[in-house]
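Me: I am new to this structure and would like to go through it step by step. Could you show it to me before we start?
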Amino acid sequence: MSLKLSPPYEFSAFPFKPYDIQSDLMRHVFSAIENSKVAIMESPTGTGKTLSLLCASLTWLRDEQSRARKGKLEVQGDSNTPDWVAAQTVERRRRQLEADEVEYAERLATARKREAQMRKLARGHVRKRPRLSPDRDDMLDKEDDEEAIFLPDDMDVSQDSESNISPAVLALMRKLQQGPASSTDEQEPTCTKVYYASRTHSQLSQVLHELHKLKLALNVAIPSVDGSTERFQLGKRPVSSIDSDSADGCNARVVSLGSRKQLCINERLRGKAGDLDEACRQMLSEKGTKRCPHLPSVEEETRMLDLRDQILATPKDVEELFQAGQAADTCPYFGSRRAIPQAQLVLLPYNLLLQKTAREALGIDLKGQVIIIDEAHNLTSTLLSLSTSRLSLRILSAARHQLSIYFSRFRNRLSTIHSLHLKRLTNLLDALAKYAEEWRDEQSKPKHDRKGSDVEVMTSTELMQKLGRKAEGVNLLEIEKYLKDSKIARKISGYSVKELEKSAGHDPNKLAKLARLANTTPPLHSIESFIVALTASSDDGRVTLSMVDGQVEIKYQHLNPATYFQEVIETARAVILAGGTMSPMSDIVNQLFANLPTERLTTFSCGHIIPEKNLQTLVLRKGPRDGELQFKFQQRGDDSLTAELGQILINFTHIVPGGMVVFVPSYGFLHMVTEKWKASGTLEKLSAKKKIFSEPRESTQVESILRDYAAVVHESKRGALLFAVVGAKLSEGLNFTDDLARAVIIVGLPFANRSSPELKERMDYVTRLEQRRVAAGERTPGSTAKNAGVELYENMCMNAVNQSIGRAIRHREDWAGLILVDSRYASQRIRGKLPKWIESGTIITDTFGQAMKEMGRFYREKREVDSATTVG
């Protein structure tokens, strides 16, 4: 019998009859996972993408568990083994497996019961801060003991030339340093799991909401301990009988992962200045009353195991995880880490999955696991931003100052090898600072006297050469390893904060400085990130020097997003990239999967669930005055073009009901046209038809603007017009459903500034990369190697456009018009980068009259349908 899993014809876990495109998507996901593929999946927003991804992946996981169970029951014996012996062996194994599963399920059922009881008790009591000894904050031990935690961690002693200790003795020493094993230690079972990543925790909370809809039993269900059906409140969600498994829902073991900042329940620690991560680590090394009261000692390990079971027993988002930790008086950050091995579904934000250091800190092992990255249209830019490092001269100077004070204080307590490494680090920082200061002085000269340009770009190798003799003997890889092993950046930052706290006393200025420190990255951490960045392949990155806000900034920009994603692809069983608008897919393939064997890569793009008649897409080539519409950067200030755009919008306000959302290329463009329309009276005419709103620059104001816009749309017959900026806050993650966007208008093509040094370097890099592939025979000689940079440039623009387009249609019955205002959208090269479900039905209009006729017919038909529905 073949153990190969085939996609089911019907997904029984799906909560209702799926649309055909949902079934197709689920089968593709299932097959991609089973066949260890890397898949790019495009499923428009409103098509139930998240629910389909969960259903397909967890259905595969259920079938995989069944396959693994069958494998365990197989009898490996010779042909002489009697059938009855083989049958008895299989039966014995089957009973043992069932007993283990029931025992585990009972343990989680007990954990659910315990959590419900704790929540009931917590509602009736006021939470008190942990009682501290009267003089705990001021109490000082002997100075040597107090400062010992700031000494660098020991590295591999075998590196120290003074060490004569054998490897066997070193291994024994390390074992003894770990302390006695806990009596409650158990061999934690691990399992195949799905890692589901998205951009934000609010999006991951929505994933949990969708998970509850599935009808899927991944584990043995145990009835309530006492049969109670009392309702309890779990965080924000009401959950019926928290202490029992729901027969209709999904009983997967789920854990949500967050940072210390989100999950720390130590109120005293959260209220302190400085780096919370480092403060937490320092408390871990403390003993007695100085140890964090929420982190159980080895002797109290059962507290942590109880919280782990509570986490696995009932799915929780990060907010609910925090509340569960408070109720149990046990750290939810470490509790969630302990839950990872036994979890079947792990929810985590991008950065915790994509950064190797974050994965190592959390104990995440991706080998043989399934990875789903939702909202993956952001993946390339996220990978590049995670590997970008900035270092201002001010931060560099602060780091040198902290390092100098630290070295002076601990000079006599540091080993020879630590002293040597710190001197090398000091030399590197001195050389960097000297070079930055000289470059700043050169920039202060009149332009005609300067030797270079306003921005200097170089490779990391060229930077090291320019730093002079002080940096000649510095090996960046050695420094990177030392920083990682000794954790010296954390130690120096921690010591600096401690000294500031001592000297601050009640001085308001110093206390204010401490408060600012709590929200900034410690200087030595920025130094460490910059040095780690410099160790990448010299050709894969560029270093730029520029003046930012009046001071020198040294920036490392990584050019190859595939570098740090490669390990994820090679380690995991399958990787699914999913998004509502993944077009153009060729861009993702070229940037992330150029070296991936073609047989391992698969793509899937499904249509929309809406009928074709619910979307009308037009390309406007000409305006009402027959002027050519091309909003190129050089022409955007043209008065006649601005007037044409104003008249276009006025005309559309006469026929578009409800809300109109108009996306423009930039805030600068929005300000320019608004001022011109005020002077010409166009804005007044627009306001007479629809109330005008504009996207604010400040994030804090977005919610109130959206609330006011929605209120006018729903309460006023004339509706409203909202100006938004492509690529800004309103172009992603927001739903303009139904009357909130009966028309989405995209003005121009939002190309990035091509003269930007960073963009020029990226375009040159992809061009060089493509040329090398052609030379190596990986591409045909006729390949567009010299156009690879232009392709990247266009793809960046169209990716942003596609995100803005996706704001409108949000469900099957929704409908809207989409108007692309620029004649360049008529070219097949640009139009081909639109999502397929939009591009196929696009009408290119030669005159504005034709456009008004098409849109007038569309809205007239929709009004007639709405009237018939209302009468019926």
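Me: Is Val744 buried or exposed?
Reply: Val744 counts as buried, at 2% relative accessibility. Buried means under 20% relative accessible area, exposed means over 50%, and partly exposed lies in between, with a 1.4 Å probe and protein chains only. Please note that this is a predicted model, in which local features need pLDDT of at least 70 and side-chain atom pairs count only at pLDDT 80 or more, while totals for chains, interfaces and linings use all residues. Residues are numbered from 1 along each chain as its sequence is written, and side-chain values use heavy atoms, with hydrogens and water left out.

Me: Where is Val744 found?
Reply: Val744 is found in strand E18, residues 743-747. Helices (H or I, at least four residues) and strands (E, at least two) are DSSP runs, numbered from the N terminus.

Me: And which residues does Val744 touch?
Reply: Leaving aside residues up to four places away in sequence, Val744 touches Val661, Phe663, Ser804, Ala808, Gly817, Leu818 and Ile819. Contact means heavy atoms within 4.5 Å. As for Phe663, the C-alpha atoms of Val744 and Phe663 are 7.5 Å apart in space, and the two residues are 81 apart in sequence.

Me: What about the whole chain: how many helices and strands?
Reply: The protein chain has 33 helices and 20 strands. Of its 872 residues, 50% are buried. Among contacts between residues at least 6 apart in sequence, 80% join residues at least 24 apart.

Me: Next, helices. At what angle do H29 and H30 pack?
Reply: Helix H29 (residues 757-775) and helix H30 (residues 788-805) pack at about 130°, with their axes 7 Å apart. Axes are lines fitted to C-alpha atoms, for helices over the stretch in contact, and angles run from 0 to 180 degrees between N-to-C directions. H29 and H30 are therefore oblique to each other. Angles under 35 degrees count as roughly parallel, over 145 as roughly antiparallel, 65 to 115 as roughly perpendicular and the rest as oblique.

Me: Which residues meet there?
Reply: From H29 come Leu759, Arg762, Met763, Val766, Thr767 and Glu770, and from H30 come Ala788, Gly789, Val790, Leu792, Tyr793 and Met796. By class, the contact of H29 with H30 has eight nonpolar, two polar and two charged residues. Ala, Val, Leu, Ile, Met, Phe, Trp, Tyr, Cys and Pro count as nonpolar, Asp, Glu, Lys and Arg as charged, and the others, Gly among them, as polar.

Me: How do H16 and H22 pack?
Reply: Helix H16 (residues 393-410) and helix H22 (residues 523-534) have axes 8 Å apart, at an angle of about 110°. H16 and H22 are therefore roughly perpendicular to each other. Their contact is made by Ile395, Leu396, Ala398, Ala399 and Gln402 of H16 with Pro523, Leu524, Ser526 and Ile527 of H22. The contact of H16 with H22 has seven nonpolar, two polar and no charged residues.

Me: And H9 with H20, which residues meet?
Reply: Glu278, Arg281 and Gln282 in H9 meet Arg490, Lys491 and Gly494 in H20. That contact of H9 with H20 divides into no nonpolar, two polar and four charged residues. Helix H9 covers residues 276-284, and its axis is 10 Å from that of H20, at an angle of about 95°.

Me: Lys491 came up there. Is Lys491 buried or exposed?
Reply: Lys491 counts as buried, at 14% relative accessibility. Lys491 lies in helix H20, residues 488-504. Its contacts, not counting residues up to four places away in sequence, include Ile149, Phe150, Tyr406 and Glu278.

Me: Changing topic: which residues does a cis peptide bond join?
Reply: A cis peptide bond joins Ser583 and Pro584, with omega about -5°. Pro584 is in the loop between strand E12 (574-579) and helix H24 (585-592).

Me: What is phi of Asp626?
Reply: Phi of Asp626 is near 70°, a positive value in a residue other than glycine. Asp626 is in the loop between strand E14 (615-620) and helix H25 (639-653), and is partly exposed, with a relative accessible area of 49%.

Me: Finally, how many disulfides are there?
Reply: The count comes to zero disulfides, where a disulfide is a pair of cysteine sulfur atoms within 2.5 Å. Cys606 is buried, with a relative accessible area of 6%, and Cys797 is buried at 2%.
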